[in-house]
Amino acid sequence: MVMVIGVHEFGGPEKLKVFDIPAQPVASGQVRVDVAAAAVSPTDTIHRSGGRAELLQQDPPPYVPGMDIAGVISEIGDGVDHVAVGDEVMGIVAPAASHGGYSSSIVLPARSVARAPQGSSAVEACTLPMNGLTAQYALDLLDLPKGAILAVTGAAGAFGGYMVQLGANRGLRVIADSSAADEDLVRSLGAHEVIRRGDDIANRIRALVPDGVDGLADGSIQNELLLPAVRDDGGFATVRGFQGPSERGITLHQVWVREYRTELEKLDELRALTESGSVTLRVAATFPADQASEAHRMLEAGGTRGRCVITF
């Protein structure tokens, strides 16, 4: 049996409970990971509260959140050669029914799993896959040439922080938003200019770049308020499904990380960038599995810098 943390009925953090479910067999092209740590993201709170109830209720409960894990490979299927039993790894999970990252053991496609960065703990490594891959996908969709100007909102958050670091690593000029309290953090991530966050952020960006930025990644979910910051025919990466209307030929890129859930090479690139120091891993707090509800409460209270992590 496998211990999981999930919900039998949707609602607040208190609905998260411990369940035991049958272990899934490992098929060809899959691996089993004994999970040591699972990161908590805003998507998990939507999952728990019922924001995806219509889709989830096609299957019986418990419904288990969690998109990021780290641990140790305990079994591999046929055709898997990039990891071996005993390897410390990190992985991205596409949750469905009782298959989610809040699990003591989980079976994943082998291409969803890469070696963890050397020198990182499982707690640190589990904060990287989902948000790191989301940032990579956003940058790939924007497809900005070296020297182009990228604006990032929500830059102190997990997705925004990775956008700043990965954008700078790709040779982009990065303009990022921040509160006064987070300015030093955002600068340390590699932002070339830092502006105050707020509803007038488009005006602040235009003050720096009168013609507008080449691309913008909307980590703050401000949607149409940010479109004026982008130049004509520029790109806008949205992580929550904003569909417009657009303006002035701006392309709205829908960034759904599930599209990259088996992009092993991208995940391994994140490992290498972390080992080189180009990407940093941030942990806000850790909670034992039976206190997962407290991790959700902390996240939903706001103000966390880095990820809350559940340990097994």
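Author: Let us begin with a term: contact means that heavy atoms lie within 4.5 Å. Please also keep in mind that this is a predicted model.

Reader: Which residues have the most contacts inside the largest nonpolar core?

Author: The largest nonpolar core has 50 residues, and strand S3 (30-40), helix H3 (122-125) and helix H5 (158-169) are among the elements that give two or more residues to this core. Within this core, the residues with the most contacts are Leu150, Met163, Val164 and Leu166.

Reader: Which element gives the largest share of this core?

Author: Several elements give two or more residues to the core, including strand S5 (88-92), helix H4 (129-142) and helix H8 (264-276). The largest share is seven residues, and the element they come from is H4.

Reader: Which residues does Leu150 touch, if residues up to four places away in sequence are not counted?

Author: Once residues up to four places away in sequence are set aside, the partners of Leu150 include Leu139, Leu142 and Leu144, and also Met163 and Gly167. Further along the chain, Leu150 also touches Leu172, Arg173, Val174, Ile175, Gly215, Leu216 and Ala217.

Reader: How many residues are in the other core, which lies apart from the largest one?

Author: Val7, Leu56, Tyr63 and Tyr102 are among the members of this other core.

Reader: Why do the buried residues of helix H7 lie on the same side of H7?

Author: In helix H7 (residues 201-208), the buried residues are Ile201, Ala202 and Ile205, while Asn203 and Ala207 are exposed on the other side of H7. What covers the buried residues includes strand S8 (149-153), strand S9 (173-178), strand S10 (193-196) and strand S11 (213-218).

Reader: Which residue in strand S13 stands opposite Phe236?

Author: S11 is joined to strand S12 (residues 230-238) by five bridges, and these two strands run parallel. S12 in turn is joined by four bridges to strand S13 (residues 251-254), again in parallel. The residue of S13 that stands opposite Phe236 is Leu252.

Reader: What kind of unit do strand S14, helix H9 and strand S15 make?

Author: Strand S14 (residues 283-288) and strand S15 (residues 307-311) pair in the parallel sense over five bridges, and the bridge partner of Thr286 in S15 is Val309. Together with helix H9 (residues 292-301), S14 and S15 make a right-handed β-α-β unit.

How values were computed: Residues numbered from 1 in each chain as written. Predicted model: local features only at pLDDT ≥ 70, side-chain atom pairs only at ≥ 80, totals over all residues. Heavy atoms only, no water. Buried < 20%, exposed > 50% of the residue type's maximum accessible area, 1.4 Å probe, protein only. Core = buried A, V, L, I, M, F, W, Y, C linked by side-chain atoms within 4.5 Å. Pairing = 2+ DSSP bridges. Right-handed = clockwise from strand over helix to strand, strands pointing away.
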